[in-house]
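Dear colleague,

I am handing over the structure we spoke about, and my notes on it follow below. Please read them with the coordinates open.

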Amino acid sequence: MDNSQKSTWLTKESGEAQREWYVVDLADQTLGRVASRIASVLRGKHKPTFTPNVDMGDFVIVINADKVRLTGSKPDKKIYHRHSLFPGGLRTWKAKEILAVESERAVREAVWGMLPKGPLGRRIIKKLKIYRGAEHEHVAQQPRVLSTGGV
């Protein structure tokens with residue numbers, strides 16, 4: 001092998017990552033489609049320096065989470081579960097009930113389902129900030145609008 005060939009470069013630690021802030025407006029967006037785009041940005045897959053085992057992603061601010069929509073019969077048929085770890089502690093809600101009361105949870109669970117499980121995924125999900133309304137407290141970070149390719 002001659003020395004003119006390039007070797008593959010991998011990022012060794014997340015301290016090398018240049019983090020940016022993005023804002024996503026979920027008004028009239030489909031939950032699953034926008035969640036996959038958010039998960040991709042949180043992982044850093046949009047960057048040429050993406051490394052699967054390193055947290056290379058950016059911060060994502062989600063606004064208008066209460067205006068996200070589900071398609072088809074999902075509002076009536078999709079079920080969310082929570083268990084208290086005590087006997088008889090299983091609680092279930094339909095998606096339309098969760099979206100009406102706790103829409104941040106629906107968005108967080110949709111994105112979490114698309115992230116790696118384990119220590120890396122738990123570290124990545126902390127960079128997701130979700131707000132029900134149009135106001136957020138991260139104006140000082142000067143977030144850019146993230147195109148979701150939605151409606």
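**Overall picture**

The accessible surface of the chain comes to about 9,500 Å², and carbon and sulfur atoms account for 52% of that surface. Please keep in mind that this is a predicted model, whose C-alpha trace spans about 65 × 40 × 30 Å along its principal axes. Of the 151 residues in the chain, 39% are buried, and among contacts between residues at least 6 apart in sequence, 68% join residues at least 24 apart. As for charge, the chain has 27 positive and 16 negative side chains, with the centres of the two sets lying 6 Å apart.

The secondary structure comes to five helices and six strands, which follow one another from the N terminus in the order β-α-β-α-β-β-α-α-α-β-β.

**Strand β1 and its partners**

I looked in particular at strand β1, which covers residues 21–25 and is mostly covered, since four of its five residues are buried. Strand β1 pairs in the parallel sense with strand β2 (residues 59–63) over five bridges, and in this pairing tyrosine 22 stands opposite valine 60 of β2.

With best regards

Note on methods. Residues numbered from 1 in each chain as written. Predicted model: local features only at pLDDT ≥ 70, side-chain atom pairs only at ≥ 80, totals over all residues. Heavy atoms only, no water. Buried < 20%, exposed > 50% of the residue type's maximum accessible area, 1.4 Å probe, protein only. Helix = DSSP H or I, 4+ residues; strand = E, 2+ residues; numbered from the N terminus. Pairing = 2+ DSSP bridges. Contact = heavy atoms within 4.5 Å. Areas by Shrake-Rupley, 256 points an atom, 1.4 Å probe, with all protein chains shown as cover. Lys, Arg positive; Asp, Glu negative; His and termini not counted. Charge placed at Lys NZ, Arg CZ, Asp CG, Glu CD.
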